[in-house]
Amino acid sequence: MCYEVFGAMVASMTTATASRTPALDWRLRFGALALIWGFSFLLIKVGTEGYAPFQVTFGRLLFGTAVLAVAMAVKRQRLPRGARTWGHLAVAALLLNALPFSLFAYSELSIPSTLAGICNATSPLWGMALSLVALSEDRPTRVRVAGLGIGFLGVLTVLGAWQGFHGLDAGGTAMALLASLSYPIGWIYVRRTLAGSEHSHLSMTGAQLLLATLQLAIFTPLFTSFPTRFAGVPLLAIAALGALGTGLAVLIQYGLVAEVGPTTAQMVTYFIPVIATGAGVTILGESLTWSTPVGAVIVLAGAALTQARQTRPSAGRTAPTRAPQTRPADGSTALAQAPQTRTSGSDAAPARTNQARPSDSAATPTHTN
């Protein structure tokens, strides 16, 4: 969810990874990533039919961490060292994984997966608004401010504001929007605390997911009871959500960023609510009014405008522009980074360059949701 995905900055691949010839064309992997993150909201809905929201989130993180643990073992990478790094990663894990994943799971107890997927697409809007306050170097432009206003107009359209939000569960909708807000807060925190780390993106991502899993391992028993039976289909949904949407999707995104760059890779963000809506309507039989798709288009248009960059020609030269963020849409999980670029994420992990600016969305990814 995401992002997932998700977290927030997408890192450059190692030389060895970048030099390999991918087995699949990047377009096929791009499509697979959009499908994985788009179906994440359906999988959350199915998971909550058999298990409590905290249990869904714990299982998701557990399976996702297992995938990254295997990837780290294959690449012979170790977890990062240093109490300071682990402390910052614990906060990042809370803001980019444990909190938003749990909020989305709780929200889908009372709202359709289609609405949750559209709420997830508001992360770039929250990121734009927060960056104006928290990041002094992120100067607003007329186009980006216009995108912010258009995006939130789209949110009001989705929610049917002219009807007094009739028929919507206020609590569930608020939790989905808070989950989307949690991602850019986490990105800004990572930008301020973990940019410049010498650790690899994979080890940082693995550590972040591990900490998020431990956080849910502590909280889940406090607020839920042990399942009396293990429902098969919801359990499979949780396994797919974690292994694919929180684990495999992050690895696919790294490969896409290394091969085609963050500008192209971040475009996956705009397919996620479309796929989430299609999956919810056709598979789960969720109802759809005209305001939902129309509002979603307006939200995506506004989000795209918030990613616009201004080029300033000076003395015959053109100032370099920064590439937009790619977020693991599921919300995400860990950050990654490409030098001189900004990325967003459905599952994100910290970046190693001070040029990365996680204020805007597109992953985690996530998630990534």
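I call a residue buried under 20% relative accessible area, exposed over 50% and partly exposed in between, using a 1.4 Å probe and protein chains only. By that rule phenylalanine 54 is buried, because its relative accessible area is 16%.

Ground rules for myself: this is a predicted model, so local features need pLDDT of at least 70 and side-chain atom pairs count only at pLDDT 80 or more, while totals for chains, interfaces and linings use all residues. Residues are numbered from 1 along each chain as its sequence is written, and side-chain values use heavy atoms, with hydrogens and water left out.

**Overall**

I looked up the secondary structure and got 14 helices and 2 strands for the protein chain. These are DSSP runs numbered from the N terminus: helices are H or I with at least four residues, strands are E with at least two. The chain has 369 residues, and 57% of them count as buried. I noted an accessible surface of about 14800 Å², with 67% of that belonging to carbon and sulfur atoms; the areas come from the Shrake-Rupley method with a 1.4 Å probe, and for residues only the protein chains shown count as cover.

**Aromatics**

How many aromatic pairs does a search of the whole structure find? I got 9. Rings of Phe, Tyr and Trp (its six-membered ring) pair if their centres lie within 6.5 Å; planes under 30 degrees apart are stacked, over 60 edge-to-face, and the rest tilted.

Phenylalanine 54 and tyrosine 106 are edge-to-face, because their planes stand at 85°, with ring centres 5.3 Å apart. Tyrosine 106 is partly exposed at 27% relative accessibility.

Tyrosine 183 and tryptophan 187 are stacked, because their planes are at 15°, with centres 6.3 Å apart. They both lie in helix 9 (residues 170-193), 4 residues apart, about one turn of the helix.

**Charge over a ring**

The charged end of arginine 60 sits over the ring of phenylalanine 101, 3.5 Å from its centre. The cut-off I used is NZ of Lys or CZ of Arg within 6 Å of the ring centre and within 35 degrees of the ring normal.

**Alanine 237**

Alanine 237 is in helix 11 (residues 232-260) and is buried, at 6% relative accessible area. Leaving out residues up to four places away in sequence, alanine 237 touches Leu43, Val46 and Gly47, where contact means heavy atoms within 4.5 Å. Its C-alpha is 9.2 Å from that of valine 56, 181 residues apart along the chain.
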